[in-house]
Amino acid sequence: MLIKVPSATNSGLNTIKVEVEVDVAKKGLPTFGIVGLPSKAVDESKERVRTAIVNSGFKFPGNRIVVNLAPADVPKEGSFYDLPIALGILSSTNDFKLPESSLFFGELSLDGSLRHAKGALLLALFAKEKGIDNLFIPKVSANEAAVIEGVNVYPVENLKSLLAHFSNEEETIAPCEYKERNAKVFDNQAEFDMKEVVGQEQGKRVMEIAAAGGHNLFMTGSPGCGKTMLARALPGILPNLTEEESLEVTKIYSASGYMPPEGSIIKIRPFRSPHHTTSRVGLIGGGSRPQAGDISLAHRGVLFLDEFNEFPRSVIESLRQPMEDGNLTISRSMEKVNFPAQFMLIASANPCPCGFLNHPKKSCTCTERQIQEYRKRTSGPILDRIDLHVDLPVVDTKKLSRDSKLKEPLEDSQQMRQRISKARQKQKQRFTNEPVYTNAEMKNRHIKKYCPLSKEIKQLLHQASAAFHLSARAYYKMIKVARTIADLDNCEEINSSHMAEALQYRVKA
Amino acid sequence: MNEVINIDDAMYPKRLKEINDPPDKLYFKGDWDDDIFENCLSVVGSRRITTYGKTITNNLITQIANAGITIISGFMFGVDAYSHRAAVEAGKRTIAVMPCGIDIIHPAYQKDLYEQILDNNGLIISELESSHPPAAWTYPKRNRIVAGLSQATLVIEAAEKSGTLITAEFAKKYNRKLFAVPGPLTSKTSIGTARLIKEGAEIVTSAEDIIKFFNISIRQNKKETNLIYRGLENLEQKILDELNRESLEVDSLARFLNISVSELGKTLSFMEIKGILFKERGKYHVNQSTFSN
């Protein structure tokens, strides 16, 4: 007897329909085989399925069983074919009918319950796109799929309850309600509040600009001056993801298997801070079955690279193209996968190998030559792609606490975040008809369209280009930064003081 | 092409012969011309030059070289290189005494400077053979030639124990005049110069102090100062007053003036574009050359 159970597989952020054909033959020796390019995890499904069926109190047929995963020429991996295979086998011994227009997906535990699966959100999106009505997925992953409207997501706890659902007259498992999409939303949680950062007024200002416009930022400063602290405080001033952004980010996390069980949708901006020993594949993404790297996991959020100069050059250079395009395509002989990677790069570095150049107390032991060599490690093209550059001085805490001029209480993250949210709102309005969310993403044609400059400002910018030797790319970066400063200032037009402030954060020659 | 001058040649610099252990041979590159040795000032200083040191070196050496005094130094990076550069940029002659054979450019990345010195009729000299590598012992030996060739030695920035002080000792030993530029006592590279001043080196506050020593009359070019001062806004003037006292980073400056960093930032940008200020090593400095000449 042959039965076809519809399922699907994810490749990158794409989903392909997979038909699981199960044949339980009347004749032949009792065997159990899977064909259709199964990976090791799929092949081991045999043992899980057999044990789960028996432990759920059903009989495992002593017949010749052949499972075919169609299309047969696409390599299959993952453990979520367990459920369709088990259903196919059980249909030969038990009397039930699978509902029309459904997808089945899930890994079985040996006791017959279903485990958390990666990619549930992608599956729901696929079902919606193809007009498939029902989705049977593990209960712990159901919240993720339930955010998609128009698909009945059935949370399946174990094999036994699912069979009861099919066998009884009435449905025993109720589909998840659509409103559950708001389940498990966390507020932004940063390690530090901006008001805890003492001094570093310019550092905070530049963080605010970066957060408002999604700009890349490069910080230079001696050890302990507060670079890392500022970066770690950044999530606290970033506004939550918008609905579209949230879906984009959750897709990547779902496909990569980073969604927590019961998790529904990611509302907070991701903050990734890979260590400098990270491999190129780890950062950019790749592998024989392409996986998203840290830059994609930082999509719509922050990629913080501490000790930027310690990253191997080849790793850093590979950031160039994604930084420009906001996405990247990983090509392998078997498949080509596109991952979005619109991240804010926050990089920090010491000013010299010993770290104490410009330090008021400690003396630097590096020679000028060593300093030059050290700086050369970060390539010009990368620096040119970073909009904001800032030198952070060493904070003398004693001096600060005694300073009577510091009367006003320091601003906290919440206040900054409100201003930033307003600036982001303005950008959203501006780019309603464009595939762009923030000022930093603007291409030259957008700059020409949305950032008209007065004669006076053009003149200022030309003078500055000549005085500071700005490259053509840096020239446009300055306009983008000035646009963000104007947005923070709640101004429709960029004026000369916005532009002049932007010039403070230019790339150093 | 390498050439060599022996100690008994007539062209051998007379002043160098006066020292107790003059080199037997001098290898050289460039056009050997006797009057290059007539008025010579040796300039020595720290390899770790500060922004202050750079400003001083540029200002002093440009004026001294323009007065027709040959600048002699050791081609090392730091004060040496800045002195040579100031001289060649003024289009004047300068002599580099190498710690190695003259065919070796050490440090190698200063190749452009090496060529500029020769292009401006300067000399590259050494007592070592053409491709002799530099070594720890060649530097102090080289320093005696630097001190021995000139009537006077000028020290700009020196740390407590440094090769610069060795050269200064040679100058004293050979009864040559010793000048030193004062610097902030908080700076490590001012400790050596402060000590030299204490021990009797003449303090230098302007290029004239040195030019007078060589008995050269200076063309008085009237300074038109305060030209730029006139067009300054109130805040710009305040910033300038603070920075003239001490170079500062943005955060401190904002604190002293009690304004926001964004407000201050835009004014600083305008001032930078005008060339009044420049930023180096995280701090803003007043561009002195804008106000002189």
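Reply: Helices (H or I, at least four residues) and strands (E, at least two) are DSSP runs, numbered from the N terminus. Residues are numbered from 1 along each chain as its sequence is written, while chains are lettered from A and ligands numbered from 1 in the order in which they are written. The model is predicted: local features need pLDDT of at least 70 and side-chain atom pairs count only at pLDDT 80 or more, whereas totals for chains, interfaces and linings use all residues.

The part to look at is the sheet of chain B. Nine strands make up this open sheet, in the order β1-β2-β6-β5-β4-β3-β7-β8-β9, with mixed pairing. Strands count as paired if DSSP finds at least two bridges between them. At the edges are β1 and β9 (202-203) of chain B, each of which pairs on one side only.

Strand β1 (residues 3-6) and strand β2 (residues 25-29) of chain B run antiparallel and are joined by four bridges. Here B:V4 stands opposite B:Y27 of β2(B). β2(B) also pairs with strand β6 (residues 123-126) of chain B, again antiparallel, over three bridges. There B:Y27 stands opposite B:S126.

Next comes burial. A residue is buried if 20 or more other C-beta atoms lie within 10 Å of its own, exposed if 12 or fewer, and partly exposed in between. A nonpolar core is a set of buried Ala, Val, Leu, Ile, Met, Phe, Trp, Tyr and Cys residues joined through C-beta atoms within 7 Å. The largest core has 149 residues, and A:A86, A:L123, A:A124, A:L135, A:I137 and A:A145 touch the most other members. A second, separate core of 62 residues includes B:I56, B:V79, B:I124 and B:L165.

Finally, chain B meets chain A. Two residues are in contact if their C-beta atoms, placed from the backbone, lie within 7 Å. The contact takes 23 residues from each of chain B and chain A. On the side of chain B, α10 (250-257) and α11 give two or more residues, and α11(B) gives the most, with nine. That side divides into eight nonpolar, seven polar and eight charged residues; Ala, Val, Leu, Ile, Met, Phe, Trp, Tyr, Cys and Pro count as nonpolar, Asp, Glu, Lys and Arg as charged, and the others, Gly among them, as polar.

Helix α11 (residues 261-274) of chain B packs against helix α21 (residues 496-504) of chain A at about 85 degrees, with axes 7 Å apart. The two are therefore roughly perpendicular (65 to 115 degrees; under 35 is roughly parallel, over 145 roughly antiparallel, the rest oblique). Among the residues in this contact are A:S497 and A:L503 of α21(A) and B:G265 and B:F270 of α11(B).

Key:
Axes fitted to C-alpha atoms, helices over the stretch in contact; angles between N-to-C directions.
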